[in-house]
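Here is a short briefing on one protein chain. Look at the charged side chains first, then at the overall build.

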Amino acid sequence: MQKRLTRAEVPAELTWNLTDIYPDEDAWEAAMAAAEGEIGSVTKYEGKLAEGAATLLACLEAQEELRKCLIPVMSYASLNLSADGTSPSAQAAAARVGALMAKMQAATSFVRTEALSLPEGTLERYLAEEPGLESFRRMIEQLLEEKPHVLSAETEVALAALSEVLNAPSTVYQRSKSSDMTFEPVTDKDGNQLPMSFAGYEGRYERSADVTLRRNAFASFTKGLKAYKNTYAATWATEVKKNVVLARLRGYKSAIDMILSGQEVTQEVYDNLHDIILTELAPHMRRYAELRKRVLGLDRLLYCDIEAPLDPGFSPETTYEAASEVILRGLSVLGQEYTAIIAEGLKSRWIDRADNIGKSTGAFCNSVYGVHPYILITWTGNMRNALTLSHELGHAGHGVMAQRYQRLSNTRTSMFFIEAPSTINELLVGNDILGRSTDARMRRWVMMQFLMTYHHNFVRHLIEGELQRRIYAMAEKGRPVTETVLSRVQGEILEEFWGDTVEVDDGARLTWMRQPHYYRGLYPYTYSAGLTIGTAVAGAIREEGEPAVERWLAVLKSGGTKKPIELAAMAGVDMTKPDPIRKAVAYVGSLIDEVVKSF
Ligand SMILES: [Zn+2]
């Protein structure tokens, strides 16, 4: 049986280089102490914001400087923990950072509450008087929108002091998943025993062509999940309850309303995405499922078969180096400045591609202000990894561009927009491969990879989003959220979507246990927003060329200076209308048509 490596056994060149942040732990310790010391540079303005616009400006600048000190301290600890969740020192460091963050939030929460308690019209007057505040305009306008929902100063301090506790559901989920959860080894069709892990299931076995291995792995995965189903249900229910209670305390209509306000998205846009995609995409996806059943010669299509490869004899392998070239070629349409960022990231160890015990599952990008983005991925040598990497590099490129052209306070975009830059890159790289390939099988492979992306973002994540939508609606009515409820509702949504083409079993009903996204507000549905925008922009770049590229680069450089719907509009996409959503769904339908015809 092949043994999984520990973090210490992994070759350094496969890991990200955290010495770009701090040369060693001692330097991190020193930075941690320095950051803590900086808190006073903000708190000295407490009680003074009424003095005038210049004081508010000085306070906001000090707060931004404090964040510049904290971000690397925080990132260093969280990246270490993602690389090895089983490391006691990484766990301890993350806990200390969590405590420091809570202290900082409690100490500086006055900025928000005090600014909001200034007499009516004061903030507007400050903005008019002090030109220096101009670059904080959006932050101030966001504060004004929040104003009706702010609680008394003492309550806000209490909530800020409890932030670590309020984040406990996420911490418990992540810690348990990476360190406690174990799975029985699985057997493939030849009787070989293989190691099994959460990442291994999602990264490898779930899409294995070996039906024995795939189904055995799902059985082992389901058994492993089941041991924690009540724990995770309680964890998730606590998260939901937290948001419902906070929304009520703050006077929002609902938790969904509160979270969407934070994302600057209307309920109508949110509902449109769920309603249109889940109903209009379903017939196309069922057609795709039927093709899968026929081509694979299966008498029943189980939930664990829905991503089984349709052409398993054709699985282009690639090395990291070759994939880097393919990615750079595909993204070259975005121009020199952009490509230089990506090239730098690929060669300078921004990326952690090792597979080791305790490593976080999935892939992510964390753009560390003042340093560079860091990307986590588990490299398995398949061309699919190249597309995942292009996706994460989309986040990285966005992070670098935003930080290059905007001050720190203006770099962050709404969650609604976050997945647009990443999905555009995935489409650009994929389309470039498609455009150069004359081999029908390769072309079909690329289209099926696209379909995998749409499956993830429009189906999997949106079904997660739908689960959130229904569970929050129940919780608002005071109905308990338990394992039985979560599994039942999960099963209902899957059955509504797949009809009778896919068998929804016990394991499928536990899908709600798989996503850390549930602990990040309304994250799952934003993938479909990002991909809708991404599909439209990638299409425009293909059809119009330069003007569409210019619009897109301007959007990336704008960082978080605009609302997400405005950023989409800048890129030429009107997300207030159902049209771009319908167009993206139709595009998926056309891909499925082509793939069905090719078999
Ligand atoms: Zn992403």
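This predicted model holds 49 salt bridges. Such a bridge needs a side-chain nitrogen of Lys or Arg within 4 Å of a carboxyl oxygen of Asp or Glu. Side chains of opposite charge can pair when their charged atoms come close. The protein has 66 positive and 78 negative side chains. The centres of these two sets lie 3 Å apart.

- Arg-125 pairs with Glu-129 in a salt bridge, and their closest N and O atoms are 3.0 Å apart.
- Both residues belong to helix H4, which covers residues 122–129.
- Arg-125 and Glu-129 are four residues apart, about one turn of the helix.
- An α-helix has 3.6 residues a turn, so residues three or four places apart point the same way.
- Arg-125 is partly exposed because its relative accessibility is 43%.
- Glu-129 has a relative accessible area of 46%, so Glu-129 is partly exposed too.

**Salt bridges between distant parts of the chain**

- Glu-156 and Arg-250 form a salt bridge, with 2.5 Å between the closest N and O atoms.
- This pair links distant parts of the chain, as the two residues are 94 residues apart.
- Glu-156 sits in helix H6 (residues 153–161), while Arg-250 sits in the loop between helix H11 (229–249) and helix H12 (255–263).
- Is Glu-156 buried or exposed? Glu-156 is buried, because its relative accessible area is 3%.
- Arg-250 has 15% relative accessibility, so Arg-250 counts as buried.
- Glu-206 and Arg-514 also meet in a salt bridge, at 3.1 Å from N to O.
- Glu-206 lies in the loop between helix H9 (198–203) and helix H10 (211–226), and Arg-514 lies in the loop between helix H21 (506–509) and helix H22 (526–544), so the bridge ties together parts that are 308 residues apart in sequence.
- Glu-206 and Arg-514 are both buried.

**A buried arginine without a salt bridge**

- Arg-292 is in helix H14, which covers residues 282–296.
- Arg-292 is buried but has no salt bridge.
- What is the nearest side chain of opposite charge to Arg-292? That side chain is Glu-307, and it is 6.5 Å away.
- Beyond residues up to four places away in sequence, Arg-292 touches Leu-301, Asp-305, Ile-306, Glu-307, Ala-308 and Leu-310.

- Asp-305 is in the loop between H14 and helix H15 (320–331).
- Asp-305 counts as buried because its relative accessibility is 0%.
- Leaving aside neighbours within four places in sequence, Asp-305 contacts Arg-214, Arg-215, Arg-292, Leu-298 and Arg-300.
- Asp-305 and Lys-293 are twelve residues apart in sequence, and their C-alpha atoms are 8.6 Å apart.

- Thr-113 is part of helix H3.
- Thr-113 has 11% relative accessibility, so Thr-113 counts as buried.
- Setting aside neighbours within four places in sequence, Thr-113 contacts Val-150 and Glu-156.
- Thr-113 and Val-157 are 44 residues apart in sequence, and their C-alpha atoms are 9.2 Å apart.

**How helix H5 packs**

- Helix H5 covers residues 137–146, and its buried residues are Arg-138, Ile-140 and Leu-143.
- These buried residues pack against helix H2 (53–83), helix H3 (88–117) and H4.

**The whole protein**

- The protein has 25 helices and five strands.
- Its C-alpha atoms fill a box of roughly 75 × 55 × 50 Å along the principal axes.
- A compact globule with 599 residues would have a radius of gyration near 25 Å, and the protein agrees, with 24 Å.
- Of the 599 residues, 56% count as buried.
- Among contacts with a separation of 6 or more, 77% are between residues 24 or more positions apart.
- The accessible surface comes to about 24100 Å², and 53% of this surface belongs to carbon and sulfur atoms.

Definitions and conventions: Residues are numbered from 1 along each chain as its sequence is written. This is a predicted model: local features need pLDDT of at least 70, side-chain atom pairs count only at pLDDT 80 or more; totals for chains, interfaces and linings use all residues. Side-chain values use heavy atoms; hydrogens and water are left out. Buried means under 20% relative accessible area, exposed over 50%, partly exposed in between (1.4 Å probe, protein chains only). Lys and Arg count as positive and Asp and Glu as negative; His and the chain ends are not counted. Contact means heavy atoms within 4.5 Å. The radius of gyration is taken over C-alpha atoms; the globule rule is 2.2 Å times the number of residues to the power 0.38. Accessible areas come from the Shrake-Rupley method with a 1.4 Å probe; for residues, only the protein chains shown count as cover. The place of a charge is taken as NZ of Lys, CZ of Arg, CG of Asp or CD of Glu.
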